[in-house]
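Colleague: I am new to this structure and would like to go through it with you. Please put it up first, and then I will ask my questions.

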Amino acid sequence: MKHITYITDINAWKDSFEFYHPIKVRFSETDMFGHLNNTVPFAYFEEARIEFFNHLGFMQKWTEETSITIPVVANQQCDYLKQVFFGEQLKLYVKINQLGNSSMDLHYMAETQKGSICFVGRSTIVQMSKLTGKGEPWSDDMKQTLESKVNIHCMS
């Protein structure tokens, strides 16, 4: 496997995922060569990330009319390891790698039905204030949820 800077031990990294969202590759997501277009994994990351945040109860808080915070993607990357084709069933895993004051580093792993990794990625998500446009620290409740439900490394 090629060297990916944010993964030091692929087996330990892979084993640390728990949450996944199933994905079925649609025909419209393939290119003229018959394989998954290179932009589509970012849409898959978004879909899995939203389901992950739903699972944690965060999307429900962020979408309330009275909420003053929203999640924004500060940066994102994808590393392609294996071609993916129309009709394939994938498991798109999501985990929190690091938690900051108002941000989190998420990692993603797409796995085929046969268990091989086809692409991986990471993104930095920032909880932003709608009022100021700046990072808004995690509430104590949110931090407690993150720390109790997810195996994470807190950034100092």
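Predicted model: local features only at pLDDT ≥ 70, side-chain atom pairs only at ≥ 80, totals over all residues.

Colleague: How many of the residues of β4 are buried?

Modeller: Helices (H or I, at least four residues) and strands (E, at least two) are DSSP runs, numbered from the N terminus. Buried means under 20% relative accessible area, exposed over 50%, and partly exposed in between, with a 1.4 Å probe and protein chains only. The strand β4 is largely enclosed by the rest of the structure, because the number of its residues that are buried is ten of the ten.

Colleague: Which residues of β4 point the other way from S103, D105, H107, M109 and E111?

Modeller: In a regular strand the side chains alternate between the two faces of the sheet. In β4, S103, D105, H107, M109 and E111 point one way, and all residues on both sides are buried. Those that point the other way are M104, L106, Y108, A110 and T112.

Colleague: Which residue of β4 is the bridge partner of Y93?

Modeller: Two strands pair if DSSP finds at least two bridges between them. β3 and β4 pair in the antiparallel sense over nine bridges, and they form a hairpin with three residues between them. In β4, the bridge partner of Y93 is M109.

Colleague: Which residues does S103 contact, leaving aside its neighbours within four places in sequence?

Modeller: S103 is in strand β4 and is buried, with a relative accessible area of 18%. Contact means heavy atoms within 4.5 Å. By that rule, S103 is in contact with Q98, T124, I125, V126 and W138.

Colleague: And which residues does T112 touch, not counting residues up to four places away in sequence?

Modeller: T112 also has its place in strand β4. At 7% relative accessibility, T112 counts as buried. The residues that T112 touches are K82, E88, Q89, L90 and C118.

Colleague: How are the rings of W13 and F17 arranged, stacked or edge-to-face?

Modeller: Rings of Phe, Tyr and Trp (its six-membered ring) pair if their centres lie within 6.5 Å; planes under 30 degrees apart count as stacked, over 60 as edge-to-face and the rest as tilted. By this rule the count comes to 14 aromatic pairs. The centres of the W13 and F17 rings are 4.8 Å apart and the planes are at 85 degrees, so the pair is edge-to-face.

Colleague: How are the rings of F53 and F58 arranged, stacked or edge-to-face?

Modeller: Both F53 and F58 are buried, and ring pairs link F19, F52, F53, F58, W62 and W138 into a cluster. The F53 and F58 rings have their centres 6.3 Å apart and their planes at 15 degrees, so the pair is stacked.

Colleague: Which residue has its charged end over the ring of F17?

Modeller: A charge sits over a ring if NZ of Lys or CZ of Arg is within 6 Å of the ring centre and within 35 degrees of the ring normal. For Y20, K91 lies over the face, at 4.7 Å from the ring centre. For F17, the charged end sits 4.8 Å from the ring centre and belongs to K95.

Colleague: How many disulfides are there?

Modeller: A disulfide is a pair of cysteine sulfur atoms within 2.5 Å. The sulfur of C118 is 9.1 Å from the closest cysteine sulfur, in C78, which is too far for a bond. By this rule the count of disulfides comes to zero.

Definitions and conventions
Residues numbered from 1 in each chain as written. Heavy atoms only, no water.
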